[in-house]
Amino acid sequence: MALAAKEAHEREMMGEMPQDAVRLPHHEVRMSVSHLDLFYGDHQALKNVNIDIREREITSFIGPSGCGKSTLLRCLNRMNDYVKDCRVEGKITLDGRDIYHDYNVTRLRQRVGMVFQRPNPFPMSIYDNVAYGPRGLGIKSRSELDGIVEESLRSAALWDEVKDKLKASGLGLSGGQQQRLCIARALAVKPEVLLMDEPTSALDPVSTVQIEQLACELREQYSLVVVTHNMQQASRISDSVAFFLLGELIEHAPTAELFRAPRDSRTADYLTGRFG
Ligand SMILES: Nc1ncnc2c1ncn2[C@@H]1O[C@H](COP(=O)(O)OP(=O)(O)OP(=O)(O)O)[C@@H](O)[C@H]1O
Ligand SMILES: [Mg+2]
């Protein structure tokens with residue numbers, strides 16, 4: 001291995017804070033899933049899934065409950081590692097490198113952040129929620145942390161609402177604000193990919209619109225993967241949509257194409273409400 005590549009590889013494995021996330025040209029493949037099978041004990045939850053996640057696009061996962069959307073999302077940053085009896089076969093790469101073998105898990109999660117269905121701020125101040133990740137990566141300088149906290153809260157469209165109460169508890173915010181705080185927390189470690197599992201399902205319509213607008217703004221800089229049961233949401237925000245059924249990826253296509261002219265009759269049946 002050339003020296004520079006070797007050093008970069010060692011940095012990856014050690015989990016150091018990156019200088020800045022590496023941006024790829026639009027539409028280039030950032031993550032690639034190939035021949036992925038996942039088992040919870042004897043139950044196969046994902047079956048030979050193949051999908052590419054592209055740079056600066058929003059990819060939505062849709063499909064009926066229990067079809068494996070969250071399971072696949074969690075695979076992308078190895079959240080299934082801690083699930084008992086969970087076995088994964090196949091390959092997932094980030095920038096061409098295997099996420100199971102070539103990355104330390106801390107470093108992987110820093111590059112592939114996650115926002116959950118229910119906002120889950122830590123029981124600490126707004127500031128400390130956002131500074132949590134950077135501190136974990138060894139950043140101690142107050143001015144550097146101040147800068148990261150402000151930048152992350154601005155990117156999450158929350159700064160103006162909280163700038164005068166950064167020491168207040170994150171748990172004291174409204175649901176929509178808490179979700180944006182969780183997005184700010186994810187952005188604070190400068191990820192390249194942001195995974196969102198039904199990020200608006202617990203929110204009112206106004207907060208939902210805010211998070212959707214935010215997702216569209218973040219697309220300028222990040223690759224986003226969004227799980228949603230809301231077909232209007234998928235059609236409003238996504239560049240491409242992947243339809244899952246019983247652990248299989250049935251179809252992945254540009255949004256307009258999938259909604260207007262699905263290739264698979266099972267996709268058409270789902271979209272017209274025949275099941276799910
Ligand atoms: N930790 C787990 N242990 C065992 N089985 C699990 C676990 N998590 C999910 N499963 C099973 O795997 C399958 C896929 O679940 P998953 O949560 O990925 O579905 P989903 O598409 O996200 O559904 P929903 O739309 O309801 O969120 C289901 O049959 C589920 O029961
Ligand atoms: Mg789910």
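Guide: Ala, Val, Leu, Ile, Met, Phe, Trp, Tyr, Cys and Pro count as nonpolar, Asp, Glu, Lys and Arg as charged, and the others, Gly among them, as polar. Please keep in mind that this is a predicted model.

Visitor: Then how do the residues of the shell around ligand 1 divide?

Guide: They divide into five nonpolar, seven polar and three charged residues.

Visitor: And which of the 15 come nearest?

Guide: S65, G66, K69, T71 and H229 come nearest to ligand 1. An oxygen atom of the ligand lies 2.4 Å from an N or O atom in the side chain of S65, while for G66 an oxygen atom of the ligand is 2.8 Å from a polar backbone atom. The side chain of S70 also has an N or O atom 2.8 Å from an oxygen atom of ligand 1.

Visitor: How much of the ligand does the protein bury?

Guide: Taken alone, ligand 1 exposes 630 Å², of which the protein buries 64%. Two or more shell residues come from each of β2 (43-54) and α2 (69-76), and the largest share, four residues, is from α2.

Visitor: Switching topic, which residues touch the most other members in the largest nonpolar core?

Guide: Among its 34 residues, these are L153, I183, L194, L218 and L224. Elements giving two or more residues to this core include α4 (126-136), α5 (142-155) and β8 (223-227), and α7 provides the largest share, five residues.

Technical notes:
Residues are numbered from 1 along each chain as its sequence is written. Chains are lettered from A and ligands numbered from 1 in the order in which they are written. This is a predicted model: local features need pLDDT of at least 70, side-chain atom pairs count only at pLDDT 80 or more; totals for chains, interfaces and linings use all residues. Side-chain values use heavy atoms; hydrogens and water are left out. A nonpolar core is a set of buried Ala, Val, Leu, Ile, Met, Phe, Trp, Tyr and Cys residues joined through side-chain atoms within 4.5 Å. Buried means under 20% relative accessible area, exposed over 50%, partly exposed in between (1.4 Å probe, protein chains only). A residue is near a molecule or strand if one of its heavy atoms lies within 4 Å of it. A polar contact is a pair of N or O atoms within 3.5 Å; within protein, one must be able to donate a hydrogen and the other to accept it, and residues adjacent in sequence count only if both atoms are side-chain atoms. Accessible areas come from the Shrake-Rupley method with a 1.4 Å probe; for residues, only the protein chains shown count as cover.
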